There are 2 protein chains.
Amino acid sequence: MELWFTEYQNNKLAYGYKISKHLHSEQTKFQRLDVVDTEQFGRMLILDGIVMTTIEDEFVYHEMISHVPLITHPNPKKVAVIGGGDGGAIREIIKHPSIEEAHLIEIDGRVIENSKKYLPEIACALDDPKVTIFVEDGIEFIKKNKNTYDVIMVDSTDPIGPAVGLFKKEFYQSVYDALKEDGLFVAQTESPFLNKDIIKPTYQAISEVFPITRLYLATIPTYPGFLWSFSMGSKKYKPEDADLSRAEAIASDTKYYNPEIHRSAFALPNFVRDLIAQK
Amino acid sequence: MELWFTEYQNNKLAYGYKISKHLHSEQTKFQRLDVVDTEQFGRMLILDGIVMTTIEDEFVYHEMISHVPLITHPNPKKVAVIGGGDGGAIREIIKHPSIEEAHLIEIDGRVIENSKKYLPEIACALDDPKVTIFVEDGIEFIKKNKNTYDVIMVDSTDPIGPAVGLFKKEFYQSVYDALKEDGLFVAQTESPFLNKDIIKPTYQAISEVFPITRLYLATIPTYPGFLWSFSMGSKKYKPEDADLSRAEAIASDTKYYNPEIHRSAFALPNFVRDLIAQK
């Protein structure tokens, strides 16, 4: 018998992964959670039937959501990750010597616990003394904090279920208020091939809150659409002005990110430019 | 009843596309050929069970295999496409005002005929007076021509069946000989996520024949691995020295390519750099 896990996209696409071992399944308070070993991408965490991360390709997403904002900010000391319970963003964040405090705000504690158990390569920094974990609703958490963070990363699931509110203008305003006066934030904002209906209003909402807005791209082979977007809202710093000698230093310990990738990730194909240029 | 077409990769991955209409199937002299309408990507051409092109995403591949070399060469007049029977590369090539002659060398005439019938948006330039079609084996064709072309594009299928020889050093030597003294060529060379075993020896072979070798990337949502590589061998011109005012002019009529993409496509993630750096 062959075991396959198949992720469906709007009943138009079906991405199937051959499974060598089914390790765990549970219904948490918030979502269905599965852990499997796939033949192509190694161990895989699945939430509500959607691939969250895999051992073989997680480096792209986690490096790109972390290092691009942390190098854009000249001296990030205190950062928050909303979502990201697998710990991958945290692992990348603590590579930066300037970091003093990293807060992880994950709504579903079972994601953290299962990641520690089944994905130690990704969750390995969650017990670092610089890291504090809050098992809370990120939207409510961020409302309570004002003028607190240098960098915030919104490492969410797709905008369904608990993550819907993370793609709304009210949330971006709370993020703005939670950032210091020179702070900046990044959110994962889905694929320009499959999710034009998400990227366009999201980018527009961020640009209504922040004086500086940018979109950048990376290729992630287990996220449907594969060309993946991240949106940045910044109060002061622009990614194109970053000190790339710091990027060079970080790139000694990365698989994807480097100074050339930092620059080139903001080069947008015409169809993506057009998407975010429209009002 | 729902119809789905599924492309399998080494029995580890299965990429499924929901079909709204099955238009055509035949066994040609060389391969199985299918044409379907998919709900996500529109009309799709399939050869031997592998997606060749779709109406919705073909622009990425065809623009990137064409414009990058044609802008790298300062004045391309005579070009050849090996493979590419759908006509997409040809359509992009004739956008360049310097082009005087474009040769298409496709081994399977049925690909050309079916593309004209079912994919007119892609095949639309095959009857252009600057275009000459040769239904021949590209390997034998290119051996007969010496010092003839400014640019050659190897727009092949995966290295199985008739395309195996297009990934060998002997072929790259023939391409070198068929190019003028300042000529250059580009080949599609698969995905660095899934086809490390192809990219590494291919890049190595090209670098043994050509003084200048470069790898560049684009994201193609229907080619498994999705981060797709193109390898360039050049006798004289470097892509980083290209006159990007010509790229700007071409970009008025593209969906993906533009001057920033020209530059950024050569920025390689660390894991891709490492792949081609190894001997």
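**View 1. Positions recorded as "binding site" in chain A of the predicted model.** An unreviewed UniProt entry lists Gln31(A), Glu106(A), Asp137(A), Gly138(A) and Pro162(A) under this term.

**View 2. Surroundings of Gln31(A).** Gln31(A) sits in the loop that links β2 (13–27) to β3 (32–38) of chain A. Its relative accessibility is 6%, under the 20% limit, so Gln31(A) counts as buried. Beyond its neighbours within four places in sequence, the contacts of Gln31(A) are Glu26(A), Leu47(A), Asp48(A), Asp108(A) and Val111(A).

**View 3. Surroundings of Asp137(A).** The loop between β8 (131–134) and α5 (138–144) of chain A holds Asp137(A). Asp137(A) counts as partly exposed because its relative accessibility is 31%. When neighbours within four places in sequence are left aside, Asp137(A) is in contact with Ile105(A) and Ile107(A).

**View 4. The largest cavity, with a volume of about 290 Å³.** Five cavities of 30 Å³ or more are found in a search of the whole structure. The lining of the largest cavity is made up of 22 residues. Nearest its centre lie Thr219(A), Tyr256(A) and Ser264(A), along with Thr219(B) and Ser264(B). Two or more lining residues come from each of β11 (212–219) and α9 (259–264) in chain A, and from each of β11 (212–219) and α9 (259–264) in chain B. By class, 18 of the lining residues are nonpolar and four are polar, with no charged residues.

How values were computed: Residues numbered from 1 in each chain as written. Chains lettered and ligands numbered in written order. Predicted model: local features only at pLDDT ≥ 70, side-chain atom pairs only at ≥ 80, totals over all residues. Heavy atoms only, no water. UniProt positions renumbered as here; feature names shortened; annotations may be inferred. Helix = DSSP H or I, 4+ residues; strand = E, 2+ residues; numbered from the N terminus. Buried < 20%, exposed > 50% of the residue type's maximum accessible area, 1.4 Å probe, protein only. Contact = heavy atoms within 4.5 Å. 1 Å grid on protein atoms, 1.4 Å probe; cavity = no way out; pocket = protein on both sides within 12 Å on 5 of 7 lines; lining within 4 Å. Points joined across faces, edges and corners; volume = space filled by probe spheres on them. Nonpolar A, V, L, I, M, F, W, Y, C, P; charged D, E, K, R; others polar.
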